[in-house]
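Q: Could we go through this structure together, starting with the ligand and then moving along the chain?

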Amino acid sequence: MKKIIIANWKMNPETPREAENLSREISTASKSFKNVEVVISPAFIHASAIKGIKLGAQDVFWEKSGPYTGEISVRQLKSCGTKFVIVGHSERRVLGETNEEINKKIKAVLESGIKAVLCVGEIEKEKEAVFPAIIHQELKEGLKNIKKNFLKNLIIVYEPVWAISTHGRADSPKNVFEMSVLIRRELLKMFGKKIAFSIPILYGGSVDEKNAADFVNHGRVNGLLVGAASLNSKRFIEILKRVSGL
Ligand code: PGA
């Protein structure tokens, strides 16, 4: 299976021109890497700058249309060519997004045939090697009552908040591996073996060109969610190159 590498540009860059240049450099280079599926998730306003590469979104609203000032629907995203939607990023959860809202978003995305990228992760580093209760809850509530046939379009990202570049330092590949096993075990309890093993689990949190290959190789994840390092084409292309070469 190809490794999935998702760039999360967050609220960057500032201008359409910068977004176009960054996107062009990444999309041109990514054509020579056969073993990676590359997605760029820009701010909504830069969606049209993303050409020749898969388009992702950083959020969505669950209603189909209507009086929801400031929101964007799955249908609107789909009509612009969006293929992946990040849901439940910790930077949205901290602004008040609940597991219940995340569940509605995940359902809306999956029902439309777009891939839903659900982010889960603990806020503080646990001292003991335990499965943090918060992740258990995020999975249980975020994936509540989802029809099994929609789960083929689900992707999970293990992204501990403490490891995001603006908070701290990357997790270790060993811990990422252990956490991905625990996440897979939760999925197994919820959906059974066949589905649990078909859902890709990615890692996010201070991924850069130096540690990316290790997370895939030793952390044994199915891909990466990259923030800060995806805003620099040289660094992001190096990540693609190293992961593709594994
Ligand atoms: P980072 O961000 O790579 O800058 O740590 C990742 C994310 O928040 O998705």
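**Around the ligand**

A: The shell of residues around the ligand divides into four nonpolar, six polar and three charged, where Ala, Val, Leu, Ile, Met, Phe, Trp, Tyr, Cys and Pro count as nonpolar, Asp, Glu, Lys and Arg as charged, and the others, Gly among them, as polar. Please keep in mind that this is a predicted model, in which local features need pLDDT of at least 70 and side-chain atom pairs count only at pLDDT 80 or more, while totals for chains, interfaces and linings use all residues. Residues are numbered from 1 along each chain as its sequence is written, and side-chain values use heavy atoms, with hydrogens and water left out.

Q: Which residues come nearest to the ligand?

A: Of the 13 residues around the ligand, the nearest are Lys 10, His 89, Ser 165, Ser 206 and Gly 227; a residue is near a molecule if one of its heavy atoms lies within 4 Å of it.

Q: And which side chains have an N or O atom by an oxygen atom of the ligand?

A: In the side chain of Lys 10, an N or O atom is 2.6 Å from an oxygen atom of the ligand, and for the side chain of Asn 8 the corresponding distance is 3.2 Å. Ser 206 takes part through its backbone, where an N or O atom lies 2.7 Å from an oxygen atom of the ligand. The protein covers 99% of the 280 Å² of accessible area that the ligand has on its own, with areas taken from the Shrake-Rupley method with a 1.4 Å probe, and for residues only the protein chains shown count as cover.

Q: Where is Ser 206, and what is its phi?

A: Ser 206 lies in the loop between strand S7 (201-204) and helix H8 (212-217), and it has a positive phi of about 55° although it is not a glycine. Helices (H or I, at least four residues) and strands (E, at least two) are DSSP runs, numbered from the N terminus. Arg 220, in the loop between H8 and strand S8 (223-226), is not a glycine either and has a positive phi of about 50°.

Q: Back to Asn 8: buried or exposed?

A: Asn 8, which is found in strand S1 (residues 3-8), counts as buried because its relative accessibility is 5%; buried means under 20% relative accessible area, exposed over 50%, and partly exposed in between (1.4 Å probe, protein chains only). Not counting residues up to four places away in sequence, Asn 8 touches several others, including Ser 41, His 89 and Gly 227, and contact here means heavy atoms within 4.5 Å.

Q: What about Asn 12, where does that one sit?

A: Asn 12 lies in the loop between S1 and helix H1 (16-30), and it is partly exposed, because its relative accessible area is 32%. Its side chain reaches the backbone oxygen of Trp 9 at 3.1 Å, and beyond four places in sequence Asn 12 touches His 46 and Leu 231. The peptide bond from Asn 12 to Pro 13 is cis, with omega near -15°, and Pro 13 lies in the loop between S1 and H1 as well.

Q: Switching topic, how many residues does helix H4 have, and which of them are buried?

A: Helix H4 (residues 99-111) has 13 residues and reaches 18 Å from its first C-alpha to its last, close to the 18 Å expected at 1.5 Å a residue, where the expected span is 1.5 Å times one less than the number of residues. Its buried residues are Asn 99, Ile 102, Asn 103, Lys 105, Ile 106, Ala 108, Val 109 and Leu 110. An α-helix has 3.6 residues a turn, so residues three or four places apart point the same way.

Q: What covers those buried residues of H4?

A: The cover includes helix H2 (74-79), strand S4 (82-87), helix H3 (90-93), strand S5 (115-120), helix H5 (133-142) and strand S6 (154-158). H4 is followed by Gly 113, whose phi is positive, near 90°.

Notes. Polar contact = N/O pair within 3.5 Å; in protein donor to acceptor, adjacent residues only side chain to side chain.
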